[in-house]
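Here is a short briefing to read alongside the model.

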Amino acid sequence: MDNPIVYFTREISKDSILALYKCLGIKLKGNVGVKLHSGEPGNQNFLGPEYWTDIVNYVGGTVCECNTAYDGGRNTTKKHYKTMQAHGFTDEFKVDILDAEGPDLCLDIKDGVTIKKNYVGKDIINYDSLLVLSHFKGHPMGGYGGALKQLSIGLASSYGKAYIHGAGEPSKKWTQDRDLFLDSMADAAKSIIDFFKEGNIAYINVMENMSVDCDCCSVAEDPCMEDIGVLASLDPVAIDEACIDLVYSSNDKGKDHLIERIESRNGLRTIESAYKIGCGNKKYVLKEVKF
């Protein structure tokens, strides 16, 4: 099988995001869920609705989120919806908090190495296809956040997030062995890929505001390196690997801080684990597009 294509542009705008999506040549069918990050209150780095209006409208999608597993502005449906209002998402899009009401949907993970079940917001069953819009940046626990994190932690219910972090033991969500957590993210991502089936998911990663911290942090470091661009692919492993490669090959001295965060948390293990269980391909063809 040919290596997947990852399209890349250095221009970051809502126009370039939509144009790059069109390069994929895919038509997401039926009711389209759009997974993005709503941003924790206080976070200065998350990507607001102004980035996504054109692409979400183009696919006719509904913005989907799930509640968090930690205290803050998004751990209950009421607070999460209020945050999405404050951040402008409800003004621009239809919004669905997938785990607003229980019970969770439990997905079996056929090829799971560390966990065999993934608990997601039950409203996911209302969607036929998925557009994953990811802000590529660092992460305090996972090393980095991209498409694979959005598929796993991002679509997990509040309980499901604790289950993944704890590698099947929710009570250990902040104390579990880090590698088991990273492997669990890969397992959970595979369950979403299998749920929607091949040809029904597309991925966009935006490499802007790249802090070592995630958009889930209410107090986050400012970005540590210059913006790089936008990537699009039909393969979540390939698009995350391409982002990592672009960071490492950058001439920006600020990359050292981001790389330290990725390596100190063994973040590349998530990509390797996802590749091993069939989430995608680490080898890819990068095609730069100029508009």
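A residue counts as buried here when its relative accessible area is under 20%. By that cut-off, buried residues make up 60% of the 291 residues in the protein chain. Please keep in mind that this is a predicted model.

**Overall fold and dimensions**
- The protein chain contains ten helices and twelve strands.
- Its radius of gyration is 17 Å, which agrees with the value near 19 Å that a compact globule of 291 residues would have.
- Along the principal axes, the C-alpha atoms of the protein chain fill a box of roughly 45 × 40 × 40 Å.

**Contacts and surface**
- Among contacts in the protein chain with a separation of 6 or more, 76% come from residues 24 or more positions apart.
- The protein chain has an accessible surface of about 11,800 Å², and carbon and sulfur atoms account for 48% of that area.

**Where H5 meets H7**
- Helix H5 covers residues 147–154 and helix H7 covers residues 178–196; their axes come within 8 Å and cross at roughly 85°.
- Angles of 65 to 115 degrees count as roughly perpendicular, so H5 is roughly perpendicular to H7.
- On the H5 side, the contact involves Leu148, Lys149, Leu151, Ser152 and Ile153.
- On the H7 side, their partners are Phe181, Met185, Ala188, Ala189, Ile192 and Ile193.
- The residues of this contact of H5 with H7 divide into nine nonpolar, one polar and one charged.

Notes: Residues are numbered from 1 along each chain as its sequence is written. This is a predicted model: local features need pLDDT of at least 70, side-chain atom pairs count only at pLDDT 80 or more; totals for chains, interfaces and linings use all residues. Side-chain values use heavy atoms; hydrogens and water are left out. Axes are lines fitted to C-alpha atoms, for helices over the stretch in contact, and angles run from 0 to 180 degrees between N-to-C directions. Helices (H or I, at least four residues) and strands (E, at least two) are DSSP runs, numbered from the N terminus. Angles under 35 degrees count as roughly parallel, over 145 as roughly antiparallel, 65 to 115 as roughly perpendicular and the rest as oblique. Contact means heavy atoms within 4.5 Å. Ala, Val, Leu, Ile, Met, Phe, Trp, Tyr, Cys and Pro count as nonpolar, Asp, Glu, Lys and Arg as charged, and the others, Gly among them, as polar. The radius of gyration is taken over C-alpha atoms; the globule rule is 2.2 Å times the number of residues to the power 0.38. Buried means under 20% relative accessible area, exposed over 50%, partly exposed in between (1.4 Å probe, protein chains only). Accessible areas come from the Shrake-Rupley method with a 1.4 Å probe; for residues, only the protein chains shown count as cover.
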